[in-house]
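Please examine the sequence and the model before reading each worked solution.

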Amino acid sequence: MSVRLEQFIKFTTDSVGLERTFRLFQATVQILASFAIPFDLLLYTLTLSTGATPSASSVRVILKALNQRLGLARRFFRLFRFLESFNAAHKFYFKLSSPKTRKGEPRGYWVRAEPWLDVFARTFNGMYLLLEASTIVDALQIPGLAVWTPEWERTIAVEAQRFWLFSLVCGCLYNVLEIPLTMASMPPPDLPASGAEEKRRSGSKQDSISEKGRDTPNEETNEEEAEEFKSKSAEKLEERSRIWRQQVSAKTYKLGRAATANALDIILPGSVVGWVKVEPGTVGLAMFVTTILTGMEVWERCGREVSGI
């Protein structure tokens with residue numbers, strides 16, 4: 001079995017990967033229902049497959065119901081995820097509040113504030129998931145089964161989206177600030193040995209030759225060894241520089257990808273609370289793009305698990 005196939009199986013059976021897959025389906029359904037060209041293509045495809053032209057209004061009703069069902073299915077995968085968010089925020093809070101952290105070297109304002117943005121992001125995300133989980137029974141829409149009144153259920157749903165928006169803003173700011181700090185914490189590799197170091201190495205070799213009974217050192221040999229040392233030093237520096245560039249590029253790429261996903265995801269809760277005025281199709285497009293961006297991280301993690309890295 002190929003590695004890619006094993007990675008795909010791992011992704012589709014992972015709880016987070018499966019939730020991302022359903023999210024991609026939901027975004028696709030919302031795009032189909034919101035834009036004319038994709039919707040017409042869907043009608044044409046249904047006509048070819050069934051042999052009859054379906055009603056546009058009935059197809060829109062089906063797409064709306066499918067969108068709601070997919071959204072409800074995704075909620076079960078993150079029902080208790082608020083525990084994970086609160087636990088991570090709790091650990092980071094005590095780490096930042098420890099005496100060792102506070103007695104460290106003097107740092108600038110943004111350097112001190114940056115890790116707290118991560119704590120706030122996880123705390124707000126935990127509040128969002130907690131409030132969402134409290135309305136899961138009402139979301140089933142079973143007659144006679146409800147925890148909240150309809151008015152309270154709508155209010156809690158909106159407030160949950162508000163906490164999610166705060167979480168996304170803090171997460172986006174954290175990722176953006178983390179990029180220059182990551183580059184600053186990973187200095188480039190050292191330069192090759194200086195001339196003084198080369199002379200010291202050459203002098204030690206001359207002494208060892210003199211101890212064997214030779215009265216004068218072989219200057220040509222020393223020059224060849226010095227040139228060889230310079231060549232090897234340059235090769236090692238180039239190799240270390242290449243590895244350093246790869247590490248910095250990988251970390252900044254992941255941070256930039258996360259910042260982009262958080263920034264685009266702001267459209268979703270922003271439209272619910274009324275702070276961002278967009279059409280449902282725009283929400284669907286943003287959801288589609290951010291699902292791919294966030295799903296890439298899960299895909300890479302599944303690849304590492306399959307490879308045993």
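**Exercise 1. Determine whether Asn-262 is buried or exposed, and identify its contacts.**

Solution. Step one: Asn-262 has a relative accessibility of 18% and therefore counts as buried (buried means under 20% relative accessible area, exposed over 50%, partly exposed in between, with a 1.4 Å probe and protein chains only). Step two: the residue lies in helix 11, which spans residues 219-265 (helices are DSSP runs of H or I with at least four residues, strands are runs of E with at least two, and both are numbered from the N terminus). Step three: with neighbours within four places in sequence left aside, Asn-262 is in contact with Leu-168, Gly-171, Cys-172 and Asn-175 (contact means heavy atoms within 4.5 Å).

The model is predicted: local features need pLDDT of at least 70, side-chain atom pairs count only at pLDDT 80 or more, and totals for chains, interfaces and linings use all residues. Residues are numbered from 1 along each chain as its sequence is written, and side-chain values use heavy atoms, with hydrogens and water left out.

**Exercise 2. Describe the chain as a whole: its elements, its burial and its surface.**

Solution. Step one: the chain has 13 helices and zero strands. Step two: of its 309 residues, 31% count as buried. Step three: the accessible surface comes to about 19,700 Å², and carbon and sulfur atoms account for 62% of that area (Shrake-Rupley method with a 1.4 Å probe; for residues, only the protein chains shown count as cover). Step four: among contacts between residues at least 6 apart in sequence, 79% join residues at least 24 apart.

**Exercise 3. Characterise the packing of helix 1 against helix 13.**

Solution. Step one: helix 1 (residues 3-13) and helix 13 (residues 280-307) pack at an angle of about 120°, with axes 9 Å apart (axes are lines fitted to C-alpha atoms, for helices over the stretch in contact, and angles run from 0 to 180 degrees between N-to-C directions). Step two: the two helices are therefore oblique to each other (under 35 degrees is roughly parallel, over 145 roughly antiparallel, 65 to 115 roughly perpendicular, and the rest oblique). Step three: on the helix 1 side, the residues in contact include Phe-8 and Phe-11, while those of helix 13 include Val-298 and Trp-299. Step four: by class, this contact has seven nonpolar, four polar and five charged residues (Ala, Val, Leu, Ile, Met, Phe, Trp, Tyr, Cys and Pro count as nonpolar, Asp, Glu, Lys and Arg as charged, and the others, Gly among them, as polar).

**Exercise 4. Find the angle between helix 1 and helix 2, and list the residues that make their contact.**

Solution. Step one: helix 1 and helix 2 (residues 15-34) pack at about 80°, with axes 5 Å apart. Step two: they are therefore roughly perpendicular to each other. Step three: Phe-11, Thr-12 and Thr-13 of helix 1 meet Ser-15, Gly-17, Leu-18, Arg-20 and Thr-21 of helix 2.
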